[in-house]
Amino acid sequence: MNTDMALARPMLRDAGALLRHADAQARQALAVPALVRQRLSPDSAQTLREDDLSLAGGFVDSIARRLAEALGAADAAAIARHAVLACPPATRLLYARAIEARLCHQSGLIGLPTAELPPRVEALVGDAQDELAESAMALIIAQSRFVSRAQGFAIDIDELPPEILHALVRLAVAWLQDNDASDPMALRNAADVLLAQFDERRGRPHRLMRFCHLFELPRAGDDWALADNGPSLAIAMLERSSGVAGDLLLDMLRDPDLTRLAVVLRACAIEVNVAARLLQDFAVLASLRVDDLPSAAALRAIASDDAMRIVAGWRNMDPVQTAGPAW
């Protein structure tokens with residue numbers, strides 16, 4: 001075992017130390033967009049999971065190709081560099097989507113037969129044409145497409161929230177206008193058409209949250225079982241319950257000890273034994289050592305009020321939103 005990890009683990013048995021450790025991880029995670037940009041750049045020497053980086057790179061290229069097609073640009077690689085990778089929120093989101101896709105592909109490790117059909121959702125697809133059944137079917141279709149597309153290193157543009165899509169279009173239009181001798185009016189018209197065609201309600205993230213709303217998730221106890229919900233729905237449930245954005249929750253699954261996620265579970269007032277099982281299942285999906293997770297005793301020592309206070313602070317953090325330098 002790594003000596004530093006061996007020394008750190010006893011400290012995490014104290015609730016105060018665990019909370020401080022989780023907060024430090026949260027602040028360090030703000031640098032992830034810059035790390036991804038640097039690692040995808042040829043001269044980078046940063047260390048992140050190679051499979052996540054490779055898939056994130058495919059997602060960047062996929063979004064760039066869609067933007068280039070819509071804007072009539074020939075050089076999608078330039079759009080990838082000067083728009084997608086120059087937008088920290090987009091970089092952060094696409095890297096999180098890569099982590100999510102990896103978890104989905106690993107879902108068999110926790111007893112989930114297929115990543116596309118979590119039992120919680122599949123059970124509600126029947127003959128009844130009520131709103132919940134329709135929502136479940138729409139979610140299954142969207143989830144299946146996400147998993148299938150990810151296997152080909154591609155992603156749909158409707159995985160992006162409107163604010164990020166608008167930022168990417170603005171950056172792409174500005175770069176093309178200045179460097180591609182594109183007609184400003186033609187660019188503006190093409191951008192308007194793309195944005196007008198975008199409907200957030202058709203996207204998988206919206207369908208996940210709509211299912212949570214209609215089924216009144218999250219609930220309690222065994223309703224949190226990861227083998228019933230699958231990683232995507234479980235993250236959506238945590239987002240709804242904690243108020244922490246899904247991409248940041250997925251980023252927490254990079255932590256070797258899942259300390260940040262442990263604090264979120266306590267902030268959601270999830271019962272300790274349920275939270276411990278959920279952490280263990282996430283660790284299995286994320287290829288992490290279960291022995292490095294906070295113990296049930298450490299979780300129990302964290303008061304929900306203290307956890308809610310620190311999670312509120314994480315929600316208030318303002319990651320860099322401005323575009324990075326063109327390179």
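1. Helix α4 (residues 50–71) has 22 residues, and its first and last C-alpha atoms are 31 Å apart, close to the 32 Å expected at 1.5 Å a residue. The expected span of a helix is 1.5 Å times one less than its number of residues. Helices here are DSSP runs (H or I, at least four residues), as strands are (E, at least two), and they are numbered from the N terminus. Just after α4, Gly72 has a positive phi of about 70 degrees.

2. On provenance: this is a predicted model, in which local features need pLDDT of at least 70 and side-chain atom pairs count only at pLDDT 80 or more, while totals for chains, interfaces and linings use all residues. Residues are numbered from 1 along each chain as its sequence is written, and side-chain values use heavy atoms, with hydrogens and water left out.

3. Overall, the chain has 17 helices and zero strands. Of its 327 residues, 51% count as buried. Buried means under 20% relative accessible area, exposed over 50%, and partly exposed in between (1.4 Å probe, protein chains only). Contact means heavy atoms within 4.5 Å. Among the contacts in the chain with a separation of 6 or more, 73% come from residues 24 or more positions apart.

4. Helix α15 (residues 272–285) has 14 residues and reaches 20 Å from first C-alpha to last, close to the 20 Å expected at 1.5 Å a residue. Its buried residues include Val272, Leu278, Leu279, Phe282 and Leu285. The elements covering the buried residues of α15 include α6 (88–105), α12 (226–242), α14 (259–267) and α16 (296–301). At the start of α15, a side-chain oxygen of Glu271 comes to within 3.1 Å of the backbone nitrogen of Asn273. Just after α15, Ser287 takes a positive phi of about 60 degrees.

5. Ser232 is placed in helix α12. Ser232 counts as buried because its relative accessibility is 4%. Setting aside neighbours within four places in sequence, Ser232 is in contact with Glu100, Cys104, Gln143, Arg204 and Leu208. With Arg204 there is a side-chain polar contact of 3.4 Å. A polar contact is a pair of N or O atoms within 3.5 Å; within protein, one must be able to donate a hydrogen and the other to accept it, and residues adjacent in sequence count only if both atoms are side-chain atoms.

6. Rings of Phe, Tyr and Trp (its six-membered ring) pair if their centres lie within 6.5 Å; planes under 30 degrees apart count as stacked, over 60 as edge-to-face and the rest as tilted. By this rule there is one aromatic pair. Phe211 and Phe215 form a stacked pair, at 5.7 Å centre to centre and 25 degrees between the planes. Phe211 and Phe215 are both buried.

7. Ala26 lies in helix α2 (residues 15–28) and is buried, at 8% relative accessibility. Not counting residues up to four places away in sequence, Ala26 touches Arg260, Trp314 and Met317. Ala26 and Val311 are 285 residues apart in sequence, with a C-alpha to C-alpha distance of 9.5 Å.

8. The loop between α8 (131–151) and α9 (162–179) holds Asp156, which is buried at a relative accessible area of 17%. Apart from neighbours within four places in sequence, Asp156 is in contact with Ile63, Arg145 and Arg149. Phe153 is also found in the loop between α8 and α9 and is partly exposed, at 40%.

9. Backbone exceptions deserve a check. Most residues other than glycine have a negative phi, and most peptide bonds are trans. Phe153 has a positive phi near 60 degrees. So does Ala269, with phi near 60 degrees, in the loop between α14 and α15; Ala269 is exposed, at 55% relative accessible area. Leu217 and Pro218 are joined by a cis peptide bond, with omega about 5 degrees, and Pro218 is in the loop between α11 (204–214) and α12.
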